[in-house]
Amino acid sequence: MIHKRPALQTFSGIHITGIQGKRFDIVIQDGRFTSIVEEEPQLKEPAHSDQRLWISPGIIDLHTHLAWTDFDHGDQLKRDSREVEAMQADAFAATLRTGVTTARDAGGILPSTIRHLVQHYQQPLRVQTSSDMLGAADARGVQHLGERMAQIFGTGAGWIKIMATGGLGAPTEKVLEPNFSEEEFAFIVRNAHAHHKKVLVHTWGGVTIDWSIEAGVESIEHGMFLSEEQAGRLAESGVAFVPTTSIYRIAADPKGVLELNPVICDRAARAAEAHSAAIGYAKKAGVRIGFGTDYATPALHGYNLQELDTLMDYGLTRAEAWKSATESAAGILGSGSELGRIAEGYIADAVIYNADPYQARNAEQLRNSIVSVLTGAQEADLIK
């Protein structure tokens, strides 16, 4: 159940996820946490375990595609516009139900579409967007790039996305080749920052990670071929790493929900195998890791919590994986002073569970323990 913000809401004796052995009285007023007070330790736990509740910050998915209804964009173009809109609204609803209260859309949806979906379908998902993606077809010099970026700026997007390398559609031996020249890449980042826009970079690895560090982008995405040396420099630079690990395991399964062809499945399997090492390098170096799913299509929206499972399989502790989806993710968005924590003065985007999330065996059990999703959103704040 999604709860839009009430004027006043209180929780008595609730546990805060990650804080063991303590319970709190929490007051939410006008969409923000106004009081968080630890209960006296002598107070007894409820007689029945089903009376115990836990609260966590709302999950932040830093890499999703809310506009995509089909894996192949050509299939989406065959759909009626009303059907596409309804499917996009369902994507918002499913994303919220799984505890994701903030998303960064990594290309495909416009702020105007988000505004319509929020208002018309009453789905208070907080979304930051890049509107479109700059890819190989845009590698036509800085004049063209300036014109394309002006178009994206005009949509109101807060992010610029650079498709710096290929992905699942590229042959394995070519997937690390840059789509842009170093001059073009540097221009995109410089121009974006000059217009007060943040930059995320799709890169599987290679020299474009080096360029991202040198240019000072906000985050790199995927990065499964990140080297140990690059991880060290990534940590020093403060550039974040959003690995989107689970999508590649999903794509690698020929009988999975995406049902991709064997060539794509093989490329995804290679990527998934490499990701474990990249996560290890990033963790050892102290890179800021962010939670992102790269999910699109109805088969994936609403299952975002699977990313926690994969991050832990690849070496993050539960606390580290949880932080990547809350406090660290908020910082990557530039919203660390108001999102990602259960703390006084913070926006009351939160999830209520009927079991300790830290004890959940997997994403399915965690998802099934969700009692309600709270959003402290003002409509005007939902789109950036």
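You're looking at a predicted model, where local features need pLDDT of at least 70 and side-chain atom pairs count only at pLDDT 80 or more, while totals for chains, interfaces and linings use all residues. Residues are numbered from 1 along each chain as its sequence is written, and side-chain values use heavy atoms, with hydrogens and water left out.

Select Arg79, which is partly exposed at a relative accessible area of 27%. Now bring in Asp70: salt bridges with shared partners join Asp70, Arg79 and Glu83 into one network.

Next, pick Glu338 and Arg32, another salt bridge, at 3.5 Å between the closest N and O atoms. Glu338 sits in the loop between helix H12 (327-333) and strand E14 (350-353) and Arg32 in strand E4, so this pair ties together parts 306 residues apart in sequence. Helices (H or I, at least four residues) and strands (E, at least two) are DSSP runs numbered from the N terminus.

Are Arg23 and Glu39 buried or exposed? Select them and see: both are buried. They make a salt bridge too, with the closest N and O atoms 3.8 Å apart. The total by this rule is 15 salt bridges.

**Stop two: the largest pocket**

Show His65, Trp68, Phe71, Met133 and Asp294, which lie nearest the centre of the largest pocket among its 27 lining residues. A pocket here is an open set of points on a 1 Å grid over the protein atoms alone, where a 1.4 Å probe fits, with protein on both sides within 12 Å along at least five of seven lines; lining residues have an atom within 4 Å of a point. Its volume, the space filled by probe spheres set on the points, is about 710 Å³. Colour H8 as well: this helix supplies the largest share of the lining, 3 residues.

**Stop three: the second largest pocket**

This one has a volume of about 310 Å³. Select Ile16, Thr17, Pro57, Glu327 and Gly340, the closest to its centre of the 15 lining residues. Domain 1 (2-56 + 342-379) and domain 2 (59-333) both contribute to the lining, so the pocket lies between them; the domain bounds come from an automatic or database assignment.

Key:
Salt bridge = Lys/Arg side-chain N within 4 Å of Asp/Glu carboxyl O. Buried < 20%, exposed > 50% of the residue type's maximum accessible area, 1.4 Å probe, protein only.
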